[in-house]
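Subject: Structure for you to look at

Hello,

Here is the structure I said I would pass on. Please open it beside this email and follow along.

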Amino acid sequence: MSFKIYVPRDSAAVALGADEVAAALLAQAQQRGLEMDLVRNSSRGLFWLEPLVEVQTPAGRVAYGPVTAEDVTGLLDAQFHTGADHRLKQGLVDEIPYLKQQERLTFARMGVTDPLSLADYEAHAGFAGLRRALTLDASVVVQQVLDSGLRGRGGAAFPAGIKWKTVAAAQAAQKYVVCNADEGDSGTYSDRMTLEGDPFMLIEGMTIAAIATGATQGYVYIRSEYPHAVATMREAIDKATAAGFLGADILQSGKTFHLEVRKAAGAYVCGEETAMLESMEGKRGVVRAKPPIPALQGLFGQPTVINNVITLASVPIILARGADFYKHYGVGRSHGTLPFQLTGNVKRGGLIEKAFGVTLRQLMFDFGGGSASGRPIKAVQVGGPLGAYVPECYWDLPLDYEAYAAVGITVGHGGIVVHDDTADLSRLARYAMEFCAIESCGKCTPCRIGSTRGVEVMDRLKNGDHQAEVLLRDLCDTMLHGSLCALGGMTSNPVLSALNYYPQDFGLAASVAKVV
Amino acid sequence: MLTETTRQTVQHLVAAQKHVPGALLPILHDIQDALGYIPAQALGNIAQALNLSRAEVHGVVSFYHFFRHEPAAAQVVQICRAEACQSMGAEALWAHACSRLQTQGGTSADGAVTLEPVYCLGLCSSSPAMVVDDKLHARVDADKFDRLVAAAGSAA
């Protein structure tokens, strides 16, 4: 009898030896005369258990992890392929509390399917959203996205439906859909997981966007640091095109949408939409002044839908299950779910898809199990390198765009980086300023010059010149209000939050610091 | 001066993509994939084919961190130095790598290894992370670093 076994092909699992585990399993199965169907699935996002190997049993998929190549002999000796006991056995994968307590809409297929199998994708509700969209008038598709309350998951949280409506209404011979997959924020990897682990979902979302707005050409702009994602996405596009889900006549509907991958080249600022457009046009990634907005004059001057990966990947389920189904999740004006990426100094780091409203404390302790080092958690950076360092007094706030904005925190792309009490916040704040200096596109003075002066001022502060605090605050204010884009504008978030909540790390007395 | 073979490779790669909208980045990627870097002497050829000035092409090549101006060593080691990796000891790992490879970043004095920082490989939940000759590694400490670099060095 043949047995079915799953070994992830996600980069994070591969970085921990998943390829070696797969090779050892195949070699040993052959030696032992066992018939094995080995599937390279994607990751469930339970990274502390990676590589997480799953075996199909009559009761369901049973998980073992973290598995190394050296464990394979022992696992097979113990008959793990029948679901037998072993010290690495984690039980039925769907029953693991970390996974069971999530609300997986966008990541429902992640780790379940073979990412490059169209048949597997369709067997797990894939293309249901596209098929429904093809039966609707384009304006109805746009209305569904508007009604769902979906906001851009890239950082600015702008309603996706409004962007789409603007592009749909624009008159032009050529329109584009561009997916910004230049996920450069430290502490984020949900884009990478999607590109590698469920690429057809992104293709489906982009195709729906094209149908809704009248675009016929699309691009996925993927960062060069993600070579596995680039390769997987290219292969998926070829397969989808060959099967008629993309191309000149999508599912015999008469609609056309061509899709192509463009590889970025390591410029953080190209996560900003206009800098990305310049890059795609073959230029330096220098930010454009707005207006005109890209929805009207975007790529090559034409109307362009620009969304990030998770925004577009959220669209298929909205079309398949309806706007109301999606809108029902979340709190306030933050509808739906967000894949929170719990990272850094935490015991059980991984991807947690939850409806808006969950708290940082729940994520860090209930899911994460506290710090990996066993030391107290001191600060949490939320929303990437330009996000604030959040002190404990805010760990019980519901994660909600408005509630966070009210206290100066950006949810951003949902990245959460945990630091224990050995972290030096003045050093981390200096790093943020230095990062801005290196990554500034150079177009506007507050960002280009301000970040360099910022590093110098922080060094003065660190060397005991307390007057420099006033200068630093003034400089942050100039960068915040004078920069052309979020890179310069948001650098004040990590810097001021570190200064306000952790003044002792700068050699300042707590009473000196002004909490804003 | 470019060798004749290199010049032909560049010409061929430029011709293959020059009609693609926004062709410059795809062309530069192809050249770096083929040669391991973008030779300064190739910029004129690229500029001419795309009807750009050489300065414009230089501006693009030098803007992006990914493009190399000279070939890397036979062994390339990249260590992530972004926040999530920092929280788990990436700075100590970087210091260890610098002392072990006898470089402050860049190609080592003996020309055997190029050490580079990267800012996020998307392995933030299993940090610190690094790349050795295109292969990803997570949860790296000093011991694991020594083992991986020694293994890759002996394989090369």
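Below is what was found in it, part by part.

Please keep in mind that this is a predicted model, and that the values below are computed from it.

Chain B

Chain B contains seven helices and five strands. Going along its sequence, these elements come in the pattern α-α-α-α-β-α-α-β-β-β-β-α. If you draw a box around the C-alpha atoms of chain B along the principal axes, its sides are roughly 50 × 30 × 25 Å.

Where chain B meets chain A

How many residues of chain B are in contact with chain A? The count is 37 residues of chain B, against 58 residues of chain A. Between them the two chains bury about 3600 Å², and 57% of that area is on carbon and sulfur atoms. On the chain B side, the residues that lose the most area to chain A are F63(B), E83(B) and S125(B). Together these three make up 19% of what chain B buries there.

The count of salt bridges between chain B and chain A is one. The partners are K135(B) and E20(A), and their closest N and O atoms are 3.1 Å apart.

A sheet in chain A

In chain A, five strands form an open sheet with mixed pairing, in the order 13-12-16-14-15. Why do strand 13 and strand 15 of chain A each have one side without a neighbour in the sheet? Strand 13 (350-355) and strand 15 (389-390) stand at the edges and have a single partner strand each, so one side of each is left without a neighbour.

Strand 13 of chain A pairs with strand 12 of chain A, which covers residues 337-344. The two run in the antiparallel sense and are joined over six bridges. To find the pairing on screen, look for T337(A), which stands opposite A355(A) in strand 13.

Cavities

There are three cavities of 30 Å³ or more. The largest cavity holds about 70 Å³ of space. Which residues line the largest cavity? They are V269(A), V287(A), S440(A), C441(A), G442(A), K443(A), C444(A), C447(A), L484(A), C485(A), L487(A) and G488(A). By type, this lining divides into eight nonpolar residues, three polar and one charged.

Regards

How values were computed: Residues numbered from 1 in each chain as written. Chains lettered and ligands numbered in written order. Predicted model: local features only at pLDDT ≥ 70, side-chain atom pairs only at ≥ 80, totals over all residues. Heavy atoms only, no water. Pairing = 2+ DSSP bridges. Helix = DSSP H or I, 4+ residues; strand = E, 2+ residues; numbered from the N terminus. 1 Å grid on protein atoms, 1.4 Å probe; cavity = no way out; pocket = protein on both sides within 12 Å on 5 of 7 lines; lining within 4 Å. Points joined across faces, edges and corners; volume = space filled by probe spheres on them. Nonpolar A, V, L, I, M, F, W, Y, C, P; charged D, E, K, R; others polar. Contact = heavy atoms within 4.5 Å. Buried area = accessible area lost by both parts, 1.4 Å probe. Salt bridge = Lys/Arg side-chain N within 4 Å of Asp/Glu carboxyl O.
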